[in-house]
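Here is a short report on one protein structure. It is written for someone meeting the structure for the first time.

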Amino acid sequence: MVALWIGAMVGLFTWKYIEYKNRSAVYHVLGSCVCIAKGAAETLKLNMAIILFPVCRNTVTWLRNKTMFGGVVPFDDNISFHQLIAVAIAIGVGLHAISHLACDFPRLIHATEDEYKPMQQFFGDQAKSYWHFVKEVEGYTGIIMVVLMTIAFTLATPWFRKGKLNLPSLLKKLTGFNAFWYSHHLFVIVYTMLIVHGIKVYLTKEWYKKTVVAYPGDVLALHMTKPKDFKYESGQYVFVKYSDVSRFEWHPFSLTSAPDDDYLSVHIRSLGDWTGEINRKLRDSDHTPKVKVDGPYGAPSQDYKKYNVVLLVGTGIGATPMISIVKDMVNNIKAKKNKNASEDGANEYSITQAYFYWVNKDQDAFGWFEGVMKDVAQMDTEGVIEMHNYCTSVYDKGGVRLAIFTALQSFYRAKHHVDIISGTRVTSHFGKPNWRNVYEQIANKHKGSKIGESYQVSFIFLNK
């Protein structure tokens, strides 16, 4: 059991160490100190989560007597394990605090202007003294936790808990079992500080709004500057927090930008309290608000490069991960045309054909990604990406209304060479796709292909 616990700590420390070592801009300034600090913090998360479990007497008794774990886990040594975890926490706090106080913060204070520039997005203006860090929430919550844990750990030692030390009578009253017992209840405050400290932790990815574009249908496109070391795949998503709406709420959004773009973008549709409020505030804002982003996080659609033929299906605002994939493919086509595609760009593509079906109820929705559709029409001269837009609100099978719309669409396209619905060269259809025909046509065109499916509504892959 102890070996499993130690292995978990080693794994967490190593994972976090490597993660921050690979963040070249951060590592260049802070070196291995930040890796040690973040690695130690990761072990602290584990140990702070489990340290109370060994002293939950009712739970331990139930597990020992009523479950199969009683014959495997040495529950009788629960207090010893509790003490062992406390030692690990003390070591983790020491590594974390010393790495920050004795190494990271001095390096930030004494860094040159050019060295500090990549750090400004995380720490703000360059600090002149330690007070800059102490006065922030991250600083004083960390100090409070260290002080309270030091008191609890000290009074828990046998010398103080059993009153073995020969102390003056006044100090003697501050030792003994009661002092040990009540000081351990300080951990209610410690856990509160830990949550706040984690929320406000340094090196959270923070960007300032670059541009905000409002579209019909209560959709907002938010473009943010992308840090140098931020890497992601099309189809992945991030969590977004806007403190002016809520200081604690994070909401997931698929990235609509492509990995090679020099910005990050998400499209937010007003569908609830939070999304409605952020739409209203960002539309009306006359200053540059701070937006925090956590991620990226993986999603099944990011595996699209493993396939030769890709079928992408999106409905309404749910098409956002598909848009990122289409953008990435367009960037790859551009790179090939410019003859400067990198090894990890165009050469890793195995896609020979892509089909994108986008179904919307209203005509205005096609304007959300009009620029992407125009790029496809302009750059994809070989027809690698086949796009189909469907508008369901005007469908009237065999009716006069549909006939009028179809005739008007054909006339407008013949005269202006663009579709009247989408405003691009991508033809819009009325009604819903006949999926049986869609699958049959793709299957007949790509016979012998191995079909792979992803269990998510908005995308399906073909021909691995």
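The model is predicted.

Start with strand 9, residues 385-391. Six of its seven residues are buried, so the strand is largely enclosed by the rest of the structure. A residue counts as buried when its relative accessible area is under 20%.

Strand 9 pairs with strand 8, which spans residues 353-360. The two run parallel, joined by seven bridges. Across this pairing, W358 stands opposite N389 of strand 9.

Strand 9 also pairs with strand 10, residues 428-430. These two run parallel as well, with three bridges between them. Here the bridge partner of N389 is S428 in strand 10.

Helix 16 covers residues 370-379. Together with strand 8 and strand 9 it makes a β-α-β unit. The unit is right-handed.

**The second largest pocket**

Rolling a probe the size of a water molecule over the atoms shows where empty space is left. The second largest pocket has a volume of about 850 Å³. Its lining consists of 23 residues. Nearest its centre lie V55, I79, H82, F180 and H184.

Which elements give two or more residues to this lining? They are helix 5 (78-110), helix 9 (137-156), helix 10 (158-161), helix 12 (177-184) and helix 13 (187-199). Helix 5 provides the largest share, with six residues.

By residue type, the lining divides into 15 nonpolar, six polar and two charged residues.

**Salt bridges**

Side chains of opposite charge can pair when their charged atoms come close. A search of the whole structure finds seven salt bridges.

| Salt bridge | N to O distance |
|---|---|
| E19 and K16 | 3.4 Å |
| E42 and K16 | 3.9 Å |
| E277 and R280 | 2.6 Å |

Take E19 and K16. Both lie in helix 1, residues 2-21. They are three residues apart, about one turn of the helix. Is each one buried or exposed? E19 is partly exposed, with a relative accessible area of 26%. K16 is buried, at 12%.

K16 also meets the side chain of E42 in a salt bridge. E42 lies in helix 3 (residues 32-50) and K16 in helix 1, so the pair ties together parts that are 26 residues apart in sequence. Both E42 and K16 are buried.

These contacts belong to a wider set. K16, E19, E42 and K45 are linked in a network of salt bridges.

E277 and R280 pair within helix 14, which spans residues 273-284. They are three residues apart, so about one helical turn separates them. E277 counts as partly exposed, because its relative accessibility is 27%. R280 is also partly exposed, at 43%.

**Recap**

Helix 5 gives the second largest pocket the largest share of its lining. Among the salt bridges, K16 takes part in a network with E19, E42 and K45.

Technical notes: Residues are numbered from 1 along each chain as its sequence is written. This is a predicted model: local features need pLDDT of at least 70, side-chain atom pairs count only at pLDDT 80 or more; totals for chains, interfaces and linings use all residues. Side-chain values use heavy atoms; hydrogens and water are left out. Buried means under 20% relative accessible area, exposed over 50%, partly exposed in between (1.4 Å probe, protein chains only). Helices (H or I, at least four residues) and strands (E, at least two) are DSSP runs, numbered from the N terminus. Two strands pair if DSSP finds at least two bridges between them. A crossover is right-handed if, with the strands pointing away from the viewer, the path from the first strand over the helix to the second runs clockwise. On a 1 Å grid over the protein atoms alone, a cavity is a set of points where a 1.4 Å probe fits but cannot get out, and a pocket is an open set with protein on both sides within 12 Å along at least five of seven lines; lining residues have an atom within 4 Å of a point. Grid points are joined across faces, edges and corners, and a volume is the space filled by probe spheres set on the points. Ala, Val, Leu, Ile, Met, Phe, Trp, Tyr, Cys and Pro count as nonpolar, Asp, Glu, Lys and Arg as charged, and the others, Gly among them, as polar. A salt bridge is a side-chain nitrogen of Lys or Arg within 4 Å of a carboxyl oxygen of Asp or Glu.
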